[in-house]
Every structure is written in C-alpha cells, then in structure tokens.
Amino acid sequence: MNDQQRRRPAKPHRRPKKDPVRFLAFEALRAVDERDAYANLVLPPLLKKARAKGDFEGRDAALATELVYGTLRRQGTYDAIVAACIDRPLREVDPPVLDVLNMGVHQLLGTRIPTHAAVSASVELARVVLGEGRAKFVNAVLRKVSAHDLDGWVERVAPAYDEDAEENLSVVHSHPRWIVSALWDALGGGRAGIEDLLEADNERPEVTLVARPGRSTTDELLSALGEENGLPGRWSPYAVRMAEGGEPGALAAVRDGSAGVQDEGSQLVAAALAAAPVEGGDTRWLDGCAGPGGKAALLAALAAGRGATLLAAEKQPHRARLVERALAGNPGPYQVITTDGTRPPWRPGSFDRVLMDVPCSGLGALRRRPESRWRRRPEDLESFAPLQRGLLREALKAVRVGGVVGYATCSPHLAETRVVVEDVLKGRGGPSVEAEWIDARPLMPGVPALGDGPDVQLWPHLHGTDAMYLALLRRTG
C-alpha cells in the first residue's frame, strides 16, 4: 500500500451555519465597541429588522437581549477569566474575537444554556464571523472556561477581599476599580452596602412608565397592561411598572405621548421640584437642560394643572426636537427653545421654578447603559465640572428671589453632586449667589433611606431607581 492509499480522505468542507440570534447579538456588541453606540439604541432596530424577516420569535429576541446586556454587564469579570485561559496579554486579542469569547463565557457561566450547546454555538458563530483558524482558538478557550462555574472562576481570578478590597469588588462585580472607589465614597458604610449596590447595577431594570397628569392616569395604564404585567410604582404617584417587561410602544398611551417611559427616580426629581414651596407667584417654570424631554414633559403637565407655563431649553438641536416630541399634546402652554443654558437669552429673575438637570458621567444609570462603565474615565469628571457649576449659577440667576432651583444629576459621584452645589453657594471659582438649602426629603413622601439631607441621593439597591441626585435651593438675594 503506497502513501496515497494510506492517506485518509479529507473531511468534506461544511459551511458554518449562521445562528440568527447569536449573530444579531454579535452585531450589537460590535456596534457598541466600534461606534461607541449604546446597546439600548442599537438593539431595538436590529430586533425589529429580524422580526420583519419572519424568522425571529419572541423568545429569540429575549435571548439576544440577554446575550448583549449580560455580556456588557459582566465584561470585567469575563475579561479576567479569559485572560486566565490564554497565554498572551488580553490586549493582544482582537476585539471581535473577545466579543465572541465573552458572549460564550456569558452563556457558560451566566445562563442555563447547557455547556455543550454554549461551546458549540459560540464556535459556530466564530466560524461565521472570524474564520476557521480563530474558531479553533475560541473552542480551546471556552473548553478551559467550562472547567469551573462562575464562583469557582471568581475565586481563582479575583484577589482576596482582605488584601485588596476595591480590586476584589471590581473583579467580582464587574465594575472598573475607580468607579467602585467613587461609588463607595458616595455611599459610605461597609462591605455589604457597596456589594448590594454593585450587584444592583448588574441586574436588569424594570421598565417603568409615567402617566402624564391631565393626559393619562395610572389606572388607565394598569388596565391596559393587565393584572399580570402591570404594577403600581413603588414611590412615584405617576409610575406604573411593567412587571413582565415587553414593548412599551405597544401601548396606545405611549404612542400618543400621554404616557412615557421614565425611571421613577426621574419622576421623583420632577415631582419634588414641583412640590417645593415658593414665596409669591408661581406661574413661570424653566427646564434649563431639557433634552431628551422626560422630566420636561412631566413638569409641563404638572405646570398645566396649576395654570403655569414651562419653558424647555436645550442646547443640542436634535435633542430639542426630542423635547418637542415629548411635550406635544401637553394640556397647558409651553415653549421649546434651542439655547445654551450657560449663555441664556432670558433676563435674570424671570422664573419661579427652575430645573437644571446637568450633563454628567451617567454613573447613576449603569443598569440601563452597562457599556458606560467601560467608556468613562476619571478625567471625564474634570471636563464636566466647569459646565455643571456654570449651569447651576445661571439657574440661580434665572430664578427670582423666593423662587426655587432644583439641581439634578444622574450620578452619585460626589464631584458631580454636593461638591458642585457647595462650590457655587460659597463662590468657589466664580461669583457666589445668595441661596439657601431646602430639605428635599419631605418632598418625596414615603421614600425611605434618603440620608441626612437636605439633599437627596437615590440608589438602585435601596429604591430600585437610577442613582438620581437632587438638591433644592431657594434664592434669597
């Protein structure tokens, strides 16, 4: 028998089979990485397109959503695990390969998908999007990962808590170390509290609706959702929770703007500002950073109920158009303008109430935008600092003596919250404005654990809301 006769016949080439669910999830992850896109903006149109093709069922959409968000939320932990399974630095792994690997790790360690299915589906995806060579690399790494469960891996890749508490929490709960440190400074307390907060950041938030006063009611929303999917809000009198999730746009009230999607923390901020006592008239309200329009729409509806007018100002034209869309159909008078809140066209003392929800790091909304934690850098806070102080100073100039300003951020970082307010009140870095604190806590009735006041910091693990901050100030001179 010669060599040719001994040679085994080559395996017939099998074209890789494209799994539409995992391919869609991979597309979304690449968009997040390559274009700095947000998953909550990228995923819906991809899902809509897949449904339109007719081969994507509801459970497929749920799995694709879980793969995208789960992979992004646990990226830090999964990176550490993959790094322990390869013989080169993680930075030398191409980003598309790392996306396939991390999505595979999530299926192995973060879902109930059987091991063989998680590995084979990931390798098949790698054959489609990466090629045969790198598919073998993916196969080898995931087979190593499958040797332990998540707890077993965390025990191997995270330093001991007693040796380096922040690094331990960073790896275990998948947050950059500097964010762990900042959140711990803002929260205070011991290990249990910060661990509860970090874990809450990794949970899927409920979809919460707001019934805009004068346009819809919570009873109407609950009736539309049905007993199984509709729950009253925990704290806001305008809130309804979608217990089973689903597509808010399927509700007529959301489509026509009489209701909207809005976290309860944002509702509480707007409602507290509206409830704060002012001295004298109360007919002219301002939202100085109104985009994309959720708080402005609630404020405008509350203002309409009292015969007041809301001016909604937004610097970015495309966001101003979103504000116009959110306020369309408001039962009372309002106006939307495109202007820079640090160089406003209105005269000082023009308003009775002012909301200044300033641009910030967004560290309070990591549940909804998990990719933000991997993009933000500590130096980002320095870039926001002058703008936040400038906007608060202009807000205090815009309100008349006896009127009220609400300073809000979707961040619990002290450099964006109380430090900003104290700097402005004490005239650090600019002219001081005469104003006094108002205790915001009584203006959120029934909400527990609001701290020592007078300002309020909401928390995902304590309130089930985004980590919204609110300081209420009355101008005194």
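Reply: Helices (H or I, at least four residues) and strands (E, at least two) are DSSP runs, numbered from the N terminus. By that rule, Ala-320 sits in helix H17, residues 317-327. The model is predicted: local features need pLDDT of at least 70, side-chain atom pairs need 80 or more, and totals for chains, interfaces and linings use all residues. Residues count from 1 along each chain as its sequence is written, and side-chain values use heavy atoms, without hydrogens or water.

Now the close look: the sheet. Four strands form an open sheet in the order E2-E3-E1-E4. Their pairing is antiparallel; two strands pair if DSSP finds at least two bridges between them. Strand E2 (230-232) and strand E4 (259-261) are the edges, each pairing on one side only. Neighbouring strands are turned by 30° against each other on average, direction ignored.

Take strand E1, residues 207-211. Three bridges join E1 to E4, and the two run antiparallel. Leu-209 has Val-261 as its bridge partner in E4. E1 also pairs with E3, again antiparallel, over four bridges. E1 is mostly covered, with four of its five residues buried. Buried means under 20% relative accessible area, exposed over 50%, partly exposed in between (1.4 Å probe, protein chains only).

Helix H13 (residues 218-225) touches E1, E2, strand E3 (239-242) and E4. The direction of H13 makes about 15° with that of E3. Axes are lines fitted to C-alpha atoms, for helices over the stretch in contact, with angles from 0 to 180 degrees between N-to-C directions.

Next, beyond the sheet. Asp-282 lies in the loop between helix H15 (264-275) and strand E5 (284-287). Asp-282 counts as buried because its relative accessible area is 18%. The side chain of Asp-282 makes a polar contact of 2.9 Å with that of Trp-285. Another, also listed at 2.9 Å, joins the side chains of Asp-282 and Arg-353. A polar contact pairs N or O atoms within 3.5 Å; within protein, one must be able to donate a hydrogen and the other to accept it, and sequence-adjacent residues count only through two side-chain atoms. Apart from neighbours within four places in sequence, Asp-282 is in contact with Arg-306, Ala-308, Asp-352 and Arg-353. Contact means heavy atoms within 4.5 Å.

Back to Ala-320. Ala-320 counts as buried because its relative accessible area is 3%. Leaving aside neighbours within four places in sequence, Ala-320 touches Glu-314, Val-336 and Thr-338. Gly-70 is 250 residues from Ala-320 in sequence and 32 Å away in space, C-alpha to C-alpha.

Gly-70 is one of the buried residues of helix H4. Others among them are Asp-60, Leu-67 and Arg-73. The cover over the buried residues of H4 includes helix H2 (20-34), helix H3 (39-53) and helix H5 (75-84).

Last, the cysteines. A search of the whole structure finds zero disulfides, a disulfide being two cysteine sulfur atoms within 2.5 Å. Cys-410 is in no disulfide either; the nearest cysteine sulfur, in Cys-360, is 5.8 Å away. Cys-289 is buried at 14% relative accessibility, and Cys-410 is buried at 17%.
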